[in-house]
Amino acid sequence: MTVARHTWFMTVRQARNLMREPIWIVLLLVQPMVWLVLYGQLFRNVTRLGGFGTGSYITFLAPAIVVMNAFFGATWSGMAMINDLDHKVVERFLATPASRISIVLSQIVRSAFTAAIQAVVILLVSLALGVRVHTGALGWLVIIVAGILVNSAFAGISQAIALLTRREATMIAVANFIGLPLLFLSTTMIARPQMPGWMQTAARFNPVDWGVRAAREVVLPGTDWGSVAGHLGLLLALSALTAAWATRTFRAYQRSL
Amino acid sequence: MIVVEDLRKRYDGVQALDGVSFEVREGEVFGLLGPNGAGKSTTVRVLVTLTYADEGSASVAGHDVRREQNAVRRTIGYVPQDSGVDQFGTGRENLTLQGRVQGMHGRDLRTRADELLELVGISDAADRIVKNYSGGMRRRLDIALGLMHRPRVLFLDEPTTGLDPEARVAMWDEVSRLARAESLTILLTTHYLEEADQLTDRLAIVSRGKVVVEGTSADLKAGLRGDAVQVELESGAVEDAQRVLAGVGATPEQVLDDRIVVSRVENGGRALPGIISALEGAGIDVASVSVSRPSLDDVYLHFTGRDFGTEDRAA
């Protein structure tokens with residue numbers, strides 16, 4: 001109960017601070033559209049190769065862009081923690097009865113909340129570009145949830161790395177190191193049958209791909225709800241695991257004081 | 001109100017605390033005075049539950065700092081050396097969140113925030129982003145944050161470091177006023193002798209992880225038994241001068257710059273004529289003579305055998 005309340009107060013603080021940065025808001029809204037329009041145009045003819053389940057590449061791409069965007073956002077989420085550590089904001093909370101877990105959880109919740117807003121923006125732009133979600137409103141919800149879960153799973157990792165390294169330069173290196181490889185080892189931009197065999201196998205263990213599969217499944221006809229639930233379940237379990245890891249690294253940080 | 005017994009802590013092979021003990025009574029302003037690196041901040045960090053001591057025990061308002069952490073955290077306000085305010089929030093938002101994690105809500109939360117903004121004199125800037133505050137305003141907000149939940153004990157770690165001399169004096173007035181207005185027990189750390197002298201009811205001098213002496217500023221100075229007489233010599237006849245001084249009851253203590261002999265006498269004013277005539281009689285040329293009441297500098301030197309300023313800069 002205290003954990004939930006404190007997490008909420010701290011999430012509000014972070015969200016409010018972000019809202020005060022006009023440039024940040026613009027980038028937050030424009031960035032996903034850039035992905036959608038650029039990739040949508042660049043690979044428009046790729047559906048001719050077959051195996052995409054639709055002739056419209058933008059329809060194939062839109063749900064995956066939601067997930068990709070959520071993933072990229074998550075890899076950077078530890079930067080805010082490093083900023084709070086550097087400015088001793090965390091220490092000030094530690095000298096109060098503030099819930100320790102909330103300090104970490106609020107960072108993850110704020111990150112996931114941002115991903116959810118971006119998901120809605122992407123879906124609205126997609127709608128304008130002619131993308132129709134086959135399963136309707138429930139499908140929209142699934143896509144947003146997929147974005148939230150992919151984000152929280154990786155935000156947990158990002159927070160843990162932030163707490164372990166406590167250095168921005170290291171964070172940037174890690175984010176770059178995992179960002180593009182995990183993107184290309186997934187079906188974000190290309191249909192599974194068009195990937196080399198080893199990559200298809202690797203993608204199966206990639207949480208980004210779990211999100212893409214769940215989100216895409218509800219957009220295209222012939223939705224396999226079992227697959228949707230399975231992949232979302234995996235992501236939920238992973239989120240719990242990485243959040244637990246982040247909390248553990250936070251305890252290690254406290255001991256180092 | 002605060003009881004500290006034999007705290008010991010090692011950090012990366014350095015003995016930061018080497019058996020720190022002292023007691024702070026309810027309602028007093030108590031100072032931990034010492035040069036940088038003496039162990040003052042570490043002591044405070046143990047007391048506010050941010051870190052643990054390897055050995056020893058401590059309690060605040062009867063709550064053990066190790067076993068009853070949350071009880072301690074509710075009782076105390078902590079104003080760290082490095083601010084810890086959220087720079088991207090407003091002053092009021094910072095206070096509100098601080099109150100919330102301390103369990104305050106509703107009208108009490110709002111009125112207390114207003115009251116404190118008024119009390120520390122930043123009401124006009126309450127809804128401005130902290131990033132745009134001056135150093136003095138930010139320090140005032142730090143103190144307001146520490147007081148938000150009406151703590152009984154306030155810890156101030158180097159409250160005036162980084163402030164200009166004028167702001168420093170203003171801050172002393174502020175702290176004394178707050179101590180009365182909020183009936184607080186205050187523990188502050190400082191490496192300014194003047195600050196300890198002006199602000200504290202009692203103080204402990206800390207050096208190399210230990211308390212070397214504890215008492216009121218006046219008692220400590222009186223304990224030195226006498227005034228310092230500084231004789232500046234024209235020539236370098238230091239040893240001759242020391243012999244003459246000892247002969248008239250002035251105990252030589254140290255030599256500065258190879259030509260100033262510092263000695264201690266019971267009553268400087270009364271002893272001075274005798275000292276001067278004795279030196280003249282021995283044919284020693286004197287450039288100047290001065291008498292000073294004992295200062296905390298002298299107290300530090302007396303108890304540690306080291307010069308405060310030199311030690312502070314070396315750290």
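This is a predicted model: local features need pLDDT of at least 70, side-chain atom pairs count only at pLDDT 80 or more; totals for chains, interfaces and linings use all residues.
Which residues have the most contacts inside the largest nonpolar core?

**View 1. Chain A is built from helices, with 0 strands.** Written out in sequence order, the pattern is simply α-α-α-α-α-α-α-α-α-α-α.

**View 2. Chain A has the radius of gyration you'd expect of a compact globule.** For 257 residues, such a globule would come out near 18 Å, and chain A has 19 Å, so the two agree. Its C-alpha trace spans about 60 × 40 × 35 Å along the principal axes.

**View 3. Here's a look at burial and contacts in chain A.** Of the 257 residues, 45% are buried. Take the contacts with a separation of 6 or more: 82% of them join residues 24 or more positions apart.

**View 4. The largest nonpolar core has 139 residues.** Back to the opening question: the residues with the most contacts inside this core are Val67(A), Ile143(A), Val150(A), Ala215(A), Ala144(B) and Phe155(B). Helix H7 of chain A, residues 136-165, supplies the largest share of the core, with 16 residues.

**View 5. Zoom in on Ala144(B), one of the residues with the most contacts inside the largest core.** Which residues does Ala144(B) touch, leaving aside its neighbours within four places in sequence? Its contacts are Leu95(B), Leu116(B), Leu117(B) and Val120(B).

Conventions: Residues are numbered from 1 along each chain as its sequence is written. Chains are lettered from A and ligands numbered from 1 in the order in which they are written. Helices (H or I, at least four residues) and strands (E, at least two) are DSSP runs, numbered from the N terminus. The radius of gyration is taken over C-alpha atoms; the globule rule is 2.2 Å times the number of residues to the power 0.38. A residue is buried if 20 or more other C-beta atoms lie within 10 Å of its own, exposed if 12 or fewer, and partly exposed in between; C-beta atoms are placed from the backbone. Two residues are in contact if their C-beta atoms, placed from the backbone, lie within 7 Å. A nonpolar core is a set of buried Ala, Val, Leu, Ile, Met, Phe, Trp, Tyr and Cys residues joined through C-beta atoms within 7 Å.
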